[in-house]
Amino acid sequence: MAQVVLENVYKSFPTRHNERVTPVVAHSSPLAPLDSPSMVERNSREHKQSISVLHDISLSVADGEFMVLVGPSGCGKSTLLRLIAGLEKISGGNIWVGDRLVNELPPKARDIAMVFQNYALYPHMTVYDNLAFGLRRTMRGEGRGVRGEGKNRSLDNLLVGVTRGLPKQLRYTTARERAVDERVRNVAQLLQIEALLNRLPKQLSGGQKQRVALGRAIARNPQVFLMDEPLSNLDAKLRAETRAQIVKLQRQLGTTTVYVTHDQTEAMTMGDRIAVMNQGQIQQVAPPLELYNRPATRFVAEFIGSPPMNFLPVQFHTPLSIAHPQFHFSLPEQWANVLQNYNRQTLILGIRPEHFYLSTPAPQNLLVQVDLVEALGNDTYLAVSFVKQGVQPSVIATTATNTLQVRIPPDRKVAVGEQLWLSLSLDKLHFFEYDSGQAIWFE
Ligand SMILES: Nc1ncnc2c1ncn2[C@@H]1O[C@H](COP(=O)(O)OP(=O)(O)OP(=O)(O)O)[C@@H](O)[C@H]1O
Ligand SMILES: [Mg+2]
């Protein structure tokens with residue numbers, strides 16, 4: 001097993017001839033316009049434009065750790081995995097696997113197994129041969145772990161040839177083939193696919209194919225697993241089952257794993273830690289609950305949690321007052337220090353749907369009207385909007401939407417159009433700088 005360390009990794013792709021540069025990435029401000037010219041790098045040596053896809057990625061995955069990479073589509077997750085696997089060349093920085101610098105090593109020398117979203121099974125091979133194929137190659141390449149390998153190769157070949165026509169039990173098998181067989185059967189048992197070994201991929205369900213793809217990676221007993229959205233083709237039930245199975249297997253095997261998903265439930269439930277990516281950069285790396293409780297940026301706050309956090313522009317006044325056109329209140333004392341430099345400034349107040357409570361009329365509460373009711377059985381979510389009240393202090397040039405997502409107890413019946421008073425959980429508030437989106441936290 002091994003740790004994986006990425007040091008200041010960059011990746012750019014050259015643009016094709018006549019290709020319009022669609023900038024992808026790399027600006028420190030989450031609110032920066034997407035077409036900022038700084039995003040397009042010029043490759044000075046070849047005088048060609050290139051698109052920067054990954055920007056200064058540093059990440060350390062500990063030996064045996066389950067690291068999840070999450071982020072929206074196109075943020076560079078797959079590219080990062082492919083760089084670690086050696087399927088793409090890095091444009092800058094270093095990648096270490098264990099104590100080896102692997103920048104220049106070809107994929108097969110990196111001792112890494114990758115599971116792709118689309119399984120990539122060989123359609124003409126049985127499950128057994130799919131599991132055995134990579135293993136045979138690995139063992140041949142390394143000549144590892146098989147006693148007698150090499151010495152008697154010509155005798156082996158002769159015996160295999162002579163007995164080929166005999167019934168299976170009587171055929172001669174080489175030492176390497178016996179080792180392959182043992183490993184294939186162990187892995188099949190582990191993943192409960194022993195009964196499927198003689199089938200072709202087209203005779204398997206999506207979930208079974210998925211397990212075979214996983215099995216193929218496991219059989220090779222690599223130092224590192226890389227998994228790129230391996231569950232995205234499964235239905236919800238199978239997805240939850242396979243998710244639990246992967247986590248259990250990873251714990252059992254203790255193999256360092258980097259797992260890509262854009263499903264935040266998967267991220268929260270599987271990872272020891274999660275790295276949240278946006279536009280080719282890592283925004284925060286932390287254990288799941290830390291991301292939920294203390295997101296470092298507005299982007300992370302919005303990405304982790306479902307439905308996402310609500311954001312409202314408010315004005316702060318020292319010592320501790322918060323004003324919004326529709327409500328105003330005093331903050332708990334612990335905010336005094338960290339907010340003192342923001343007097344009279346607009347901040348973004350963040351509040352999760354689960355941190356509103358049904359309440360009574362009061363200046364610190366929000367009067368809202370219900371626009372939509374989503375009763376899921378175990379929870380009820382409401383989309384609500386502010387009810388305009390008499391005085392409208394023009395303290396804020398508000399660009400934010402006035403729709404909020406709110407969770408209420410499932411046994412409370414609510415109708416569309418109904419007006420409600422909501423209170424905020426004062427110990428669950430988040431604040432972000434208006435321009436940079438950086439979170440403001442007290443110690
Ligand atoms: N070979 C390539 N040449 C040019 N651009 C590429 C290449 N491969 C990826 N990209 C670009 O790099 C960006 C990141 O792609 P990547 O596949 O890593 O995203 P992702 O985070 O895995 O997205 P998804 O969640 O949709 O799979 C995208 O904008 C994509 O268009
Ligand atoms: Mg991808």
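A residue is called buried if 20 or more other C-beta atoms lie within 10 Å of its own, exposed if 12 or fewer do, and partly exposed in between, with C-beta atoms placed from the backbone. By this rule, 32% of the 443 residues in the protein are buried.

The structure is a predicted model, in which local features need pLDDT of at least 70 and side-chain atom pairs count only at pLDDT 80 or more, while totals for chains, interfaces and linings use all residues. Residues are numbered from 1 along each chain as its sequence is written, and chains are lettered from A and ligands numbered from 1 in the order in which they are written.

**The whole chain**

Begin with a cartoon view, which shows 10 helices and 22 strands. Helices (H or I, at least four residues) and strands (E, at least two) are DSSP runs, numbered from the N terminus. Two residues are in contact if their C-beta atoms, placed from the backbone, lie within 7 Å. Of the contacts with a separation of 6 or more, 72% are between residues 24 or more positions apart.

**The nonpolar cores**

A nonpolar core is a set of buried Ala, Val, Leu, Ile, Met, Phe, Trp, Tyr and Cys residues joined through C-beta atoms within 7 Å. Select Leu 69, Ile 84, Leu 131, Val 184, Leu 226, Val 258 and Val 276: they have the most contacts inside the largest core, which has 81 residues. Next, centre the view on Ile 84, which touches Val 4, Ile 95, Ile 112, Leu 226 and Val 258 when residues up to four places away in sequence are not counted. Another core lies apart from this one; it has 6 residues, among them Leu 312, Val 314, Ile 322 and Trp 335. In soluble globular proteins, nonpolar side chains tend to be buried together.

Two strands pair if DSSP finds at least two bridges between them. Select the 6 strands in the order β7-β8-β9-β4-β10-β11, which form an open sheet with mixed pairing. At the edges stand β7 (112-115) and β11 (281-286); each has a single partner strand, so one side of each is left without a neighbour in the sheet. Neighbouring strands are turned by 15° against each other on average, direction ignored; axes are lines fitted to C-alpha atoms, for helices over the stretch in contact, and angles run from 0 to 180 degrees between N-to-C directions. Zoom in on β7 and β8 (residues 224-228), which pair in the parallel sense over 4 bridges. Within this pair, Met 114 stands opposite Leu 226 of β8.

Select Val 368: its bridge partner in β20 is Leu 420, and in β18 the partner is Phe 386. Strands β17 (residues 366-375) and β18 (residues 380-386) run antiparallel and are joined by 7 bridges. In their hairpin, 4 residues lie between the strands, and Gly 377 takes a positive phi near 100°.

Strand β21 (residues 430-433) is joined by 4 bridges to β15 (residues 346-351), and the two run antiparallel. With β22 (residues 439-440), β21 forms an antiparallel pair over 2 bridges, in which Phe 432 stands opposite Ala 439. The hairpin of β21 and β22 has 5 residues between its strands, and Gly 437 in the turn has a positive phi of about 75°.

Finish at Ala 296, in the loop between α8 (288-293) and α9 (298-303). Is Ala 296 buried or partly exposed? Ala 296 counts as partly exposed because it has 19 C-beta neighbours inside 10 Å. Beyond its neighbours within four places in sequence, Ala 296 is in contact with Gln 283, Gln 284 and Ala 439.
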